[in-house]
Amino acid sequence: MPGGVLRVYSGRNRPDLTPIYRLFEGLTGVKVEVEMIYHLDVEQRLLRERDDPRADVLVTNSQVAVEAVRETGIFEPYAAQVARGYEDWLRAPDYSWLSFTAWPRSAMINRRVLPDPLTWPRTLEDLASPQLRGKVSTATTNEETTVSQWSSIRAAKGDEYAWRLLDRLLANGLRTYESNKATREGLIADANAVALVNSSNIHVFLMEGNPVGEAWLDQDPGGLGTHVEAHVVALVKGAEHGEAGRAFIDFLLSAETQTLLARLFGETPVNPRAVTGPVRPLAEIRRTPASLAKITELRDSTRAYLTKKGFAPPARD
């Protein structure tokens, strides 16, 4: 497949995947054209263009968002070889979207505020302790991972448990920031002790020289576990450059590319043959026992409840 063009709609705009696109171009001669679209808008863009597709591939940052529109038929199922070995939660039932790196939620620790690892939290409930009053932070509903994490808690433990925990955290002074990026930056700038973020944020922030550590919450047997979302890729139905799109998906799921994503951005590989380095392997993470179907079903009601509780993001320009 020498030469040609691949058109990508990207709802995943941070970290920038430009090194991955350039490597694919260098290996195949295919020119990659990327349009970055706000992640809460990108699926609707594809729906509007379904009769005249402009993109070949969607790359975005939420399984739940693509699963919510899967039945509209805007994606072309593609059972990539690597994905055939996936656990069910890492792909659509019909292979119309595929995960390419995981987003486990963990606690980023400000080591200036909590220098002793023995004092770090071990569970989400620990974040409601008096010692952490006003020192815990998370992103607003601007981040799908915030919504999905609370949906997974609802699915696993029920609404009474989930919303009681939320109320305890809010009563303890939980702080919200517009995005995961703003949450991690506020950890140091505002002297917070703990930030609930995706694990990759911790690796990126540490590589910038910030004094942070990582605490994995609820990992004991029988515990809640941690919510794990994923970045996803999907072939657009009716794509003009379908062959290039499938080749790109194979490239993105390869052990080489997965290893590179772990090295560049601290992202968790979904290909078990990838080298994870300092990134905790997916197989060693105790996940919250909640199905993607249930998390997707709860998405809108969770967003509405969190918004009512003060998690709405600032208005966009």
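In this predicted model, the count of salt bridges comes to 20. Side chains of opposite charge can pair when their charged atoms come close, and a few of these pairs give a way into the structure.

One of them joins Glu267 and Arg12, whose side chains meet with an N to O distance of 2.6 Å. This pair links distant parts of the chain, since Glu267 sits in the loop between α9 (255-265) and β10 (268-269), while Arg12 belongs to the loop between β1 (5-10) and α1 (18-28), 255 residues apart. Both Glu267 and Arg12 are buried.

Within helix α1, Glu25 and Arg22 lie 3 residues apart, about one turn of the helix, and they form a salt bridge in which the closest N and O atoms are 2.6 Å apart. Glu25 is buried because its relative accessible area is 16%, under 20%, whereas Arg22, at 36%, counts as partly exposed.

Helix α5 (residues 159-171) holds another pair, Arg164 and Glu160, which are 4 residues apart and so separated by about one helical turn; their side chains meet in a salt bridge at 3.7 Å, N to O. Here Arg164 is partly exposed, with a relative accessible area of 44%, and Glu160 is exposed, at 65%. Elsewhere, Arg7, Glu33 and Glu240 are linked in a network of salt bridges.

A residue of another kind is Thr140, which is placed in the loop between β5 (136-139) and α4 (144-157) and is buried, with a relative accessible area of 3%. A polar atom of the Thr140 side chain lies 3.1 Å from the backbone oxygen of Glu178, and Thr140 also touches residues including Thr146, Tyr177, Phe311 and Pro313.

Note on methods. Residues are numbered from 1 along each chain as its sequence is written. This is a predicted model: local features need pLDDT of at least 70, side-chain atom pairs count only at pLDDT 80 or more; totals for chains, interfaces and linings use all residues. Side-chain values use heavy atoms; hydrogens and water are left out. Helices (H or I, at least four residues) and strands (E, at least two) are DSSP runs, numbered from the N terminus. Buried means under 20% relative accessible area, exposed over 50%, partly exposed in between (1.4 Å probe, protein chains only). A polar contact is a pair of N or O atoms within 3.5 Å; within protein, one must be able to donate a hydrogen and the other to accept it, and residues adjacent in sequence count only if both atoms are side-chain atoms. Contact means heavy atoms within 4.5 Å. A salt bridge is a side-chain nitrogen of Lys or Arg within 4 Å of a carboxyl oxygen of Asp or Glu. Lists of a residue's contacts leave out its neighbours within four places in sequence.
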